[in-house]
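This report describes the strands, pairings and nonpolar cores of one protein model. The sequence and structure come first.

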Amino acid sequence: MANEAVLRTELALPIQMTVNNSQAIEKGAFLRLFDPRVASGAGIDLTGQQCAGIAAGEKILNDGVTTLAIYRDGVFDVHASGAVLIGDAVMMAEANDVMSMPNSAASGAMIADLSSKRIGTALEAATDNETFQIHLRI
């Protein structure tokens with residue numbers, strides 16, 4: 001997978017969440033919170049979705065496994081979608097990228113409740129397609 005999140009500092013142990021057996025999930029993938037403690041994300045645009053966290057390991061397609069360890073707190077290297085400034089609140093974007101949160105709906109975001117979409121804070125500035133660090137804290 002391109003643009004996987006890479007753990008740099010583990011600040012809390014990952015938690016177990018339910019995943020679909022018929023879905024392959026790669027280590028470092030951002031996942032959306034689909035239902036209470038159910039994570040999903042393969043093949044969908046995650047922009048504006050509620051984040052479940054980052055996959056701590058790989059989930060193989062149809063392997064019979066229906067739980068996966070997911071990080072919700074830590075320092076990660078991630079891939080930028082657009083420019084990100086140091087200290088910006090960040091949210092998930094498509095292609096397993098991270099983007100700065102728009103300041104308001106007037107800035108072009110078509111997301112009703114932005115505050116609940118925040119996944120953390122940028123620890124570095126980045127330009128589009130650059131790798132940078134965030135503090136993931138969901």
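How many bridges join strand 3 to strand 5? Three bridges join strand 3 to strand 5 (residues 51-55), and the two run antiparallel.

## Basis of the description

This is a predicted model, in which local features need pLDDT of at least 70 and side-chain atom pairs count only at pLDDT 80 or more, while totals for chains, interfaces and linings use all residues. Residues are numbered from 1 along each chain as its sequence is written, and side-chain values use heavy atoms, with hydrogens and water left out.

## Pairings of strand 3

Strands are DSSP runs (E, at least two residues), numbered from the N terminus; two of them pair if DSSP finds at least two bridges between them. Opposite Phe30 stands Ile54 in strand 5.

Strand 3 also pairs with strand 4 (residues 38-40), in the antiparallel sense and over three bridges. Ala39 in strand 4 is the bridge partner of Leu33. The hairpin of strand 3 and strand 4 has two residues between the strands, and Arg37 takes a positive phi near 55° there.

Gln23 is in the loop between strand 2 (15-18) and strand 3 (30-35). Gln23 counts as buried because its relative accessibility is 14%; buried means under 20% relative accessible area (1.4 Å probe, protein chains only). The side chains of Gln23 and Ser40 are joined by a polar contact of 3.5 Å, that is, a pair of N or O atoms within 3.5 Å, one able to donate a hydrogen and the other to accept it.

An open sheet is formed by six strands in the order 1-7-11-10-8-9, with antiparallel pairing. Strand 1 (6-10) and strand 9 (98-100) are at the edges with a single partner strand each, so one side of each is left without a neighbour in the sheet. From one strand to the next the twist averages 40°, taken between axes fitted to C-alpha atoms, with angles from 0 to 180 degrees between N-to-C directions.

Within this sheet, strand 7 (residues 73-79) and strand 11 (residues 131-137) are antiparallel partners over seven bridges. Asp73 is opposite Arg137 in strand 11.

## Nonpolar cores

A nonpolar core is a set of buried Ala, Val, Leu, Ile, Met, Phe, Trp, Tyr and Cys residues joined through side-chain atoms within 4.5 Å. The largest has 19 residues, and Phe30, Phe76, Val78, Ile119, Phe132 and Ile134 have the most contacts inside it. Strand 11 gives this core its largest share, three residues. Apart from it lies another core of 10 residues, including Val19, Ile25, Leu31 and Leu68.

Key. Helices (H or I, at least four residues) and strands (E, at least two) are DSSP runs, numbered from the N terminus. Buried means under 20% relative accessible area, exposed over 50%, partly exposed in between (1.4 Å probe, protein chains only).
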